[in-house]
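Here is a short tour of a two-chain model. Keep the 3D view open as you read.

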Amino acid sequence: MRKLLFSLIIALSLTKFLYAQDRIRILTTTPDLKSIAEFVGKDKVDADSLGKGYQDPHTIEAKPSFMLKAKNADLFIRVGLELELGYEELIIDGSRNPKIRFGQLGHLDVSRGVYLLEIPAIKIDRSMGDIHPLGNPHYWLDPLNAKIIATNIAKRLSEISPENESYFQGNLAEFNHKIDQKMIEWKAKLAPFNGHSIAVYHRSWPYFAERFGIGIACELEPKPGIPPSPGHLKEVIDIIKSKNIKIILMEVFYDEKPARFVSQQTGVKVVIVPNSVGGTKEARDYFSLIDTITDGLVEATQK
Amino acid sequence: MKRIPAIFIILFVVPACLYAQADTGELNSLKEEIRLLKTQFEEMKSGYEDKIKQLESKVEEISQGQSETQIKVTQVASGPQSAAGRYLQYFNPDISVIGDFVYHGTDKKTDEIYNRFSMREVEFAFSAAVDPYAKADIFLSVEPEESAVDLEEGYLTFLNLPIKGLQGKLGKFKSNFGKVNRLHRHQLPWADEPNMLTNFFGSEGMSEPGISASYLIPNPWDKYMELTFEVFNNRNSESFAGSSGRDMVYLTHLKNFFDINEESTLELGMSFATGPNDDRHGKNRTNIEGIDLTYKWRPLKEGIYKSLTFQNEAFFSQKDNVIAEEGAGPKQIDSLGLYSSLQYQFAKRWSVFGRYDYSEFPNFASRSDNAYSAGLTFAQSEYVFWRLQFKHTDRNYEKDSSEVWLQCNFGLGPHRKHEY
């Protein structure tokens, strides 16, 4: 009996070991990329994310524990467009993991080929606030860009593990099909917004808005990354009144007070929704993230 | 015969009905499929329209200002390896410049900066990968008060050594002793250095040419444990031999890092350095031990608006007294230096801090000072901060003093990397 138990334990630990060895260990900078990587990799990958959905993606810190996570990663996936500039190099250098350095197979920038907005056409400087010289990095909020992200991930996973190429391609096709189906639903729900404008807090929303034909009338931040000032809020109030704006859309991690103030002055509704997977309990994965944003907007008009 | 119609019904009518039912079902699913295809087509169409628009604008851009560099730029920027996207100065290193301006007021008339403005320092930082194996960091400091350009640090880091987890460094670098010794002035949470750093290592801290190796120790708890070993010139004049030094100083540092939860972390560091403190080979030695403990808290959701850092460090020095041979003073001087600092960020741009200093001197048996500091920091943006700080120092060897700083620190160039 004891012998049996012993061999069972050995067998169990061995399978666990083999099981863990089999999977490609993915480390992403944001939870959205983690969610998409899980749709594409399914049980062939183990994905983890440095940032949380309820955290401002600009404020992720280079904690030494993150370097340890990066040390064990086979594939490091980032948003790119300088969103990760404050911590990425410190984490990769600190991880001492040659596999995930720039230009290696284990380092993937999923922005390649995505549809980008706000690429500056002139020489930019810091007087314009926190502008990203390669374009607005919040591109994952356009569901069609999610397909491109998924394609980039599937391609790279197939390069890392060629024997599973058809598996990853199959999962990719499934993901793309689901996006297509959900697009119908999202478009139908957001149809009343098509052609109308909303106000936003930060420039996280242009991709989402443009995909569904929603205009952005103004931002509560005077410049990206610069907190709202009383003078700027007065301008915002004027715009909201003159253009008859009904909604301020904002992220979960910003101070609500400026938006509430504008709301009191104008009657505009404040819709607080996650801009990343995990930002609220409802936004469990990429699809429920877009669901949550869509439902938040729709509910605000029904109240 | 009556059964025949019944059989007829069973044989023909029922299947026909079923068929018709199946037919409408299929029709519905076909309809659904067509609807799906239609929307997919719409999506594709709009996607392609976007792409065409993008291409059109690109063509226009190119035809408007057709220079070679611009064309190269578009080609390179779309490559997969545009690491940090610095596409206009591709092989130039990242360059940042940091200026530090202060007004320093004090009742100590002999102070270097007595009741006046001072451009304390301008720091030039250059950093880039050198080749696939190494990267270099150079920090030049211009101090107008001393009209001197000084190499603050200049080192090469080897990232891919054959042993996994091992990293090497050579050049002139800030010694990995404790926490505050490694920081540049603009990275400090205060306007001045803690007294113990100045008393033990001099106003610039300990920074000598040498070599360094660090290793991430694998451990069953899967915690961050980094062991550093350094050998550098014996030129530090406060604790070691100064300009006449031969031999080397040997240093080890162990850094432990724990995540308490996703909001708070604890870092515990231990350091040890040893070397001769005269121009001989170790008859008179100095041993210094250091311990540092840092607690950090930053809630992820409200992290832009709130954070707290509690930082503590202590140095213990045992220095053989060179002049004891001539009959002056004790044979060995034991000294202790410590600080404890609390910083609290209470709004997006605002934080307050307080610091307590106690420090003896490695070179003087009975000297010590106590200091109390408090201040306020306003971060105008990520690149500019203002700081107001008061400090009162009690000394047992000369007159007490009070000081005030108004500091404005500004940085140009790429985003600053924030070491945790």
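Helices, of at least four residues, and strands, of at least two, are DSSP runs numbered from the N terminus. On that basis chain B has three helices and 16 strands. The model is a predicted one.

Chain B has 420 residues, and buried ones make up 26% of them. Take the contacts in chain B with a separation of 6 or more: 52% of them join residues 24 or more positions apart.

Where do the chains meet? On one side are 33 residues of chain B, in contact with 39 residues of chain A. Two elements of chain B give two or more residues to its side: helix H1 (3–64) and strand E8 (248–259). The largest share, six residues, comes from H1(B). By type, this side of chain B has 13 nonpolar, twelve polar and eight charged residues.

**Two domains in chain A**

Chain A is divided into domain 1 (22–182) and domain 2 (190–272). Their C-alpha centres lie 28 Å apart. In the contact between them, 17 residues of domain 1 of chain A meet 14 residues of domain 2 of chain A. The domain 1 side of chain A holds eight nonpolar, five polar and four charged residues.

**The nonpolar cores**

The largest nonpolar core has 87 residues. Which of them touch the most other members? They are A:Ile36, A:Val40, A:Ile149, A:Ala150, A:Ile153, A:Ala199 and A:Ile248. Helix H5 (residues 143–160) of chain A gives the most to this core, with seven residues. Look at A:Ile149. Leaving out residues up to four places away in sequence, A:Ile149 touches A:Leu33, A:Ile36, A:Val110, A:Val114 and A:Trp140. There is also a second, separate core of 16 residues, which includes B:Met196, B:Phe200, B:Leu251 and B:Ala273.

**A buried helix**

Now find helix H2 (residues 31–41) of chain A. Eleven of its eleven residues are buried, so H2(A) is largely enclosed by the rest of the structure. The buried residues of H2(A) include the charged-type names A:Asp32, A:Lys34 and A:Glu38. What covers the buried residues of H2(A)? The cover includes strand E1 (24–28), strand E2 (45–49), strand E3 (75–78), H5, helix H6 (165–189) and H10 of chain A. After H2(A) comes A:Lys42, with a positive phi near 45°.

Two of the covering strands pair with each other. E1(A) and E2(A) run in the parallel sense, joined over five bridges. One bridge links A:Leu27 to its partner A:Asp48 in E2(A). E2(A) has two faces. A:Val45, A:Ala47 and A:Ser49 form the covered face, while A:Asp46 and A:Asp48 form the uncovered one.

**An open sheet**

Further along chain A, four strands form an open sheet in the order E6-E5-E7-E8, with parallel pairing. Which strands stand at the edges? They are strand E6 (215–219) and strand E8 (269–272) of chain A. Each has a single partner strand, so one side of each is left without a neighbour in the sheet. From one strand to the next, the twist averages 35°.

Strand E5 (residues 197–200) of chain A pairs with E6(A) in the parallel sense over four bridges. Here A:Ile198 has A:Ile216 of E6(A) as its bridge partner. Helix H10 (residues 286–302) of chain A packs on the sheet, where it touches strand E7 (247–250) and E8 of chain A. The direction of H10(A) makes about 160° with that of E8(A).

**Two residues with positive phi**

Neither is a glycine, yet phi is positive in A:Leu81 and in B:Asp247. The table sets them side by side.

| Residue | Phi | Loop between | Other C-beta atoms within 10 Å |
|---|---|---|---|
| B:Asp247 | about 45° | strand E7 (224–233) and E8 of chain B | 17 |

B:Asp247 has 17, so it is partly exposed.

Terms used. Residues numbered from 1 in each chain as written. Chains lettered and ligands numbered in written order. Predicted model: local features only at pLDDT ≥ 70, side-chain atom pairs only at ≥ 80, totals over all residues. Domains from an automatic or database assignment. Contact = placed C-beta atoms within 7 Å. Core = buried A, V, L, I, M, F, W, Y, C linked by C-beta atoms within 7 Å. Buried ≥ 20, exposed ≤ 12 C-beta atoms within 10 Å, placed from the backbone. Pairing = 2+ DSSP bridges. Axes fitted to C-alpha atoms, helices over the stretch in contact; angles between N-to-C directions.
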